[in-house]
Amino acid sequence: MEHRALGDTDLRPSLLGLGTSRLTSVSSGLSRRTALDLVSAAADLGINFIDTADIYGQGDSEVVIGEAIRGRRDRFIVATKAGYRFGRTGGMLKMAKPLLKRVLRPFRHARTWVATVRTNAETTNAIAQDFSPGYLVTAIDASLRRLRTDYLDILYLHEPPALFDLSDELRAAMEQIRRAGKVRYFGIAAAHDESVERVRRDPLLRVAQTEVHPWCPAASQSALPAAGKGVVVHRVFAHGEEQRLDEFARRYAITPRQAILGYVAQQPFVSSILTGTTNVGHLRENIASVVSTRNIPFKELAERCPG
């Protein structure tokens with residue numbers, strides 16, 4: 001497994017990282033044992049970068065990761081996110097989760113319904129954003145307990161709004177957290193180009209987690225390494241396929257998913273690509289895709305990118 005520099009930090013994540021948004025969710029249908037085995041299999045395959053968030057699985061994702069890396073914490077780069085808190089509806093779902101997992105596990109369509117509820121969580125008041133200094137301190141301490149560690153390699157502010165800016169109070173709290181050794185590096189899991197640009201400009205923010213695709217210009221992302229910032233790619237398959245990509249994939253006898261993964265892997269500004277999966281076989285396929293597409297001229301695909 002290839003490892004790359006993450007900006008000018010001292011972290012060298014594996015090119016493919018393990019995304020865990022579905023690791024312990026009701027919609028995944030995974031047992032706890034299977035979730036633990038998936039993390040261990042990723043490590044055996046050379047993946048040293050694990051990404052989670054305090055809201056994934058209502059906190060259970062962090063618990064499983066903490067259990068899986070116990071006794072070998074120094075082998076992993078662990079990143080989590082904070083900035084969402086559970087509302088009343090979310091709290092009720094969290095309490096009901098163990099029962100829901102048992103009841104819904106055999107029913108695929110029921111799990112699809114739960115996934116839809118999760119996607120619309122913010123509009124249904126199940127979760128709400130909170131970037132106040134007090135909440136950030138509380139959230140980080142809770143994540144450290146669940147992960148069974150005394151430090152986080154990366155803490156992302158979780159999808160702040162486009163016009164969000166760090167207040168003096170929040171900045172002071174983050175500096176204090178860093179000096180206390182609880183977080184080594186801060187970043188933003190970006191939902192907007194403005195957040196990527198904020199990472200580029202702000203010396204306190206060292207990593208941007210963002211999207212990169214063959215069909216979207218990456219000028220803001222590609223400028224980050226020159227500022228010493230790292231680029232971690234998420235939602236790599238989120239936007240499906242399109243005709244231009246299909247034609248390119250057929251020309252080189254690869255699948256569209258291989259083309260997407262291969263394209264992103266060839267971008268020199270990309271430090272790591274998060275691939276969220278609940279299946280070890282898919283994890284192996286993703287690794288094989290990166291290796292098998294190394295010699296494909298993805299520059300041609302980028303040159304045909306509209307805009």
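1. R257 lies over the face of F237, with 3.8 Å to the ring centre. The model is predicted, and the values below are computed from it. A second contact of this kind involves R73, whose charged end sits over the ring of Y151 at 4.1 Å from its centre.

2. There are 3 aromatic pairs in the structure. One of them joins F131 and F164: the ring centres are 5.0 Å apart and the planes meet at 50°, so this pair counts as tilted. The two residues come from distant parts of the chain, 33 residues apart. F131 is in the loop between β5 (127-129) and α5 (133-147), and F164 is in the loop between β6 (152-158) and α6 (168-179). Both F131 and F164 are buried.

3. F248 and Y252 also make a tilted pair, with 5.0 Å centre to centre and 45° between the planes. F248 is buried because its relative accessibility is 0%. Y252 has a relative accessible area of 28% and is therefore partly exposed. Together with F298, F248 and Y252 form one aromatic cluster.

4. Strand β9 (residues 230-233) runs parallel to β8 (residues 205-210), and 4 bridges join the two. Within β9, V231 stands opposite A208. Strand β10 (residues 272-276) also runs parallel to β9, joined to it by 2 bridges. Here V233 has I273 as its bridge partner.

5. Which way do the residues of β9 point? G230 and V232 point one way, while V231 and V233 point the other way. In a regular strand, side chains alternate between the two faces of the sheet. All of these β9 residues are buried.

Note on methods:
Residues are numbered from 1 along each chain as its sequence is written. This is a predicted model: local features need pLDDT of at least 70, side-chain atom pairs count only at pLDDT 80 or more; totals for chains, interfaces and linings use all residues. Side-chain values use heavy atoms; hydrogens and water are left out. Buried means under 20% relative accessible area, exposed over 50%, partly exposed in between (1.4 Å probe, protein chains only). Two strands pair if DSSP finds at least two bridges between them. Rings of Phe, Tyr and Trp (its six-membered ring) pair if their centres lie within 6.5 Å; planes under 30 degrees apart count as stacked, over 60 as edge-to-face and the rest as tilted. A charge sits over a ring if NZ of Lys or CZ of Arg is within 6 Å of the ring centre and within 35 degrees of the ring normal.
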